[in-house]
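Open the model in your viewer and keep the selection tool at hand. The stops below go one selection at a time.

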Amino acid sequence: MDKSQKNLLIVVGVILGCLLLAGFSLLIAGGIWIAYQHLDQRILTGPSRSTLLENEFLFYTSQGYKAGVFLKEEAPGARILLIVSNESLPHPLSQKLIQALRDGYQGEVVMDSITTNSASELEPLYLTMKATDFDAVVKRHPDCGIVISTIGLPSDSSWLTDAVSAEERPQLLLMGLPAGPMPGLYEAVQNDRLSGLIMPNPNGLYDVPAPKDPLAAFDIRHVLITRKNVADYKTLLALF
C-alpha cells in the first residue's frame with residue numbers, strides 16, 4: 001500500500017467513524033455520503049478508490065452484524081426497529097447495514113427515520129429532534145421489542161431514566177457515539193435501561209484490510225459496551 005492509498009484509507013476511516021474527542025458521530029449513510037462528497041476529489045481518484053471505500057463499508061456494517069448476534073442472545077424472537085436519519089433512509093449503505101443486522105439476528109428487522117419540525121436542514125439532527133419525534137417513530141412500530149438508534153437520543157428523552165418503566169420500554173441499543181452530550185450513559189448501561197452501546201474502539205486500527213468475518217472486523221474498529229463490561233469503559237463514557 002503506497003502513501004496516497006494509506007492516507008485515503010485513514011481519511012475515509014475517520015469519516016466513517018466518529019469524532020471521538022468532540023463527542024459527535026457522523027450519522028449513517030446521509031452523513032457519510034455528505035462527507036464523502038465534500039472530500040477533495042483529487043484524493044478520491046485512481047483504481048484503488050472503490051476498493052478502499054468497500055473496505056470501510058465492511059468495517060461500518062460489521063456493527064449491524066455484531067448487534068444482531070448480541071441481541072439474538074439477549075432477546076431472541078423479537079422484532080427489531082432500526083432508527084436512522086431521514087436522509088440516510090434511502091441510501092444503499094443503510095440497506096447493507098440492515099441486512100447485516102438481519103444476518104446477525106436471524107430475525108425480522110424494519111427501518112424507519114426521524115422527521116422533525118425544524119426549519120433548517122443544516123442543523124444537526126441531535127439538536128433539532130425532540131423526545132416526541134423519537135417516541136413517535138417507536139410508537140409506529142408497537143410490535144418491535146427492540147429499538148436500535150443510529151442517531152442517539154433527543155436531549156429531552158426520558159429513555160435513560162426511571163421515568164419509563166421496564167414494562168413500557170423496548171430493549172434499546174445505541175449504535176455510534178452519542179450525538180452531543182448524553183449524561184448518564186454509564187448508569188443507563190449498568191442498570192439495564194440501555195442494553196448496549198456500540199462505540200469506536202479507542203485502540204482501533206485503520207491501515208488494515210477488513211476481515212471477511214464481520215465479528216473480526218467489528219473488533220478491529222468498534223466495541224460493544226454492555227452491563228458485563230461497562231466498568232472497563234467508565235472513563236470513556238464520562239466524556240459524554
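Start at the second largest pocket. Its lining residues divide into seven charged, four nonpolar and three polar. This is a predicted model, and the pocket's computed volume is about 340 Å³. Select the 14 residues that line the second largest pocket. Then highlight Phe70, Glu74, Gln171, Asp192 and Ser195, which lie nearest its centre.

Which elements give two or more residues to this lining? They are helix 3 (49-74) and strand 6 (171-175). Helix 3 supplies the largest share, with three residues.

Stay on helix 3 and select serine 62, which has its place there. Is serine 62 buried or exposed? Its relative accessibility is 1%, so serine 62 counts as buried, the cut-off being under 20%. Now show what surrounds serine 62. Beyond its neighbours within four places in sequence, serine 62 is in contact with Pro214, Ala217, Phe218 and His222.

Follow two of those names onward. Residues 214-221 form helix 8, and His222 belongs to strand 8 (residues 222-225).

Six strands make an open sheet in the order 4-3-5-6-7-8, and the pairing is mixed. Colour strand 4 (109-114) and strand 8 as the edge strands, since each pairs on one side only. From one strand to the next, the twist averages 20°. Bring helix 8 back into view: helix 8 packs on the sheet and touches both strand 7 and strand 8. The direction of helix 8 makes about 90° with that of strand 8.

Zoom in on the pair at this end of the order. Strand 7 (residues 196-200) and strand 8 run antiparallel, joined by four bridges. Strands of a sheet pair through backbone hydrogen bonds, either parallel or antiparallel. Select leucine 197 and look across: isoleucine 225 in strand 8 stands opposite.

Last stop: the side chains of strand 8. In a regular strand, side chains alternate between the two faces of the sheet. Which residues of strand 8 lie on each side? His222 and Leu224 are on one side, Val223 and Ile225 on the other. Both faces of strand 8 are covered, and these four residues are all buried. Finish by selecting His222 together with serine 62: the two are in contact, and both count as buried.

Methods:
Residues numbered from 1 in each chain as written. Predicted model: local features only at pLDDT ≥ 70, side-chain atom pairs only at ≥ 80, totals over all residues. Heavy atoms only, no water. Buried < 20%, exposed > 50% of the residue type's maximum accessible area, 1.4 Å probe, protein only. Pairing = 2+ DSSP bridges. Axes fitted to C-alpha atoms, helices over the stretch in contact; angles between N-to-C directions. Contact = heavy atoms within 4.5 Å. 1 Å grid on protein atoms, 1.4 Å probe; cavity = no way out; pocket = protein on both sides within 12 Å on 5 of 7 lines; lining within 4 Å. Points joined across faces, edges and corners; volume = space filled by probe spheres on them. Nonpolar A, V, L, I, M, F, W, Y, C, P; charged D, E, K, R; others polar.
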